[in-house]
Amino acid sequence: MENIEIFKALANEHRLQILFWLKNPTAYFVHDTDVDMVEIGVCVGEIQKKLGLTQSTTSHYLSILQKSNLLIATRIGKWTYYRRNEVTLANFRSFVEQDL
């Protein structure tokens, strides 16, 4: 069940922090590319710097969030950008409010 995977993904303060930052990426991240942080997402390196964790740990956390369908990854060249999956978050919110 997708909701169980979402609960597991949310059971980590760093993964919650990533989702919080990506809700309003322009308030928390600055980068010098033409990539739209809202439409495309934020580069892994920027997320890693803000978290202050290793690249491998950050990538692992992002992978968990992506596998639970909370994030959408977009690859541009050698860079991967992440943004929130608002549809999944809305469905999960509805599940918590109505069914839980």
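Serine 94 is partly exposed, its relative accessible area being 27% (buried is under 20%, exposed over 50%, partly exposed in between; 1.4 Å probe, protein chains only). This is a predicted model, in which local features need pLDDT of at least 70 and side-chain atom pairs count only at pLDDT 80 or more, while totals for chains, interfaces and linings use all residues. Residues are numbered from 1 along each chain as its sequence is written, and side-chain values use heavy atoms, without hydrogens and water.

Serine 94 belongs to helix H6 (helices are DSSP runs of H or I with at least four residues, numbered from the N terminus). From serine 94 to valine 38 the separation is 56 residues in sequence and 23 Å in space, C-alpha to C-alpha.

Helix H1 packs against H6 with the axes 11 Å apart and at an angle of about 100° (axes are lines fitted to C-alpha atoms over the stretch in contact, with angles from 0 to 180 degrees between N-to-C directions). H1 is therefore roughly perpendicular to H6 (65 to 115 degrees). The residues that meet (heavy atoms within 4.5 Å) are tabulated below.

| Helix | Residue range | Residues in the contact |
|---|---|---|
| H1 | 2-10 | Glu2, Asn3, Ile6, Phe7, Leu10 |
| H6 | 86-98 | Thr88, Phe92, Phe95, Val96 |

In helix H2 (residues 13-23), the buried residues are Arg15, Ile18, Leu19, Trp21 and Leu22. Down the H2 axis these buried residues fall within an arc of 165°, so they line one face of the helix (the arc is taken from the directions from the axis to the C-beta atoms). Glu13 and Lys23, on the other side of H2, are exposed.

Conventions:
Helix = DSSP H or I, 4+ residues; strand = E, 2+ residues; numbered from the N terminus. Parallel < 35°, antiparallel > 145°, perpendicular 65-115°, else oblique.
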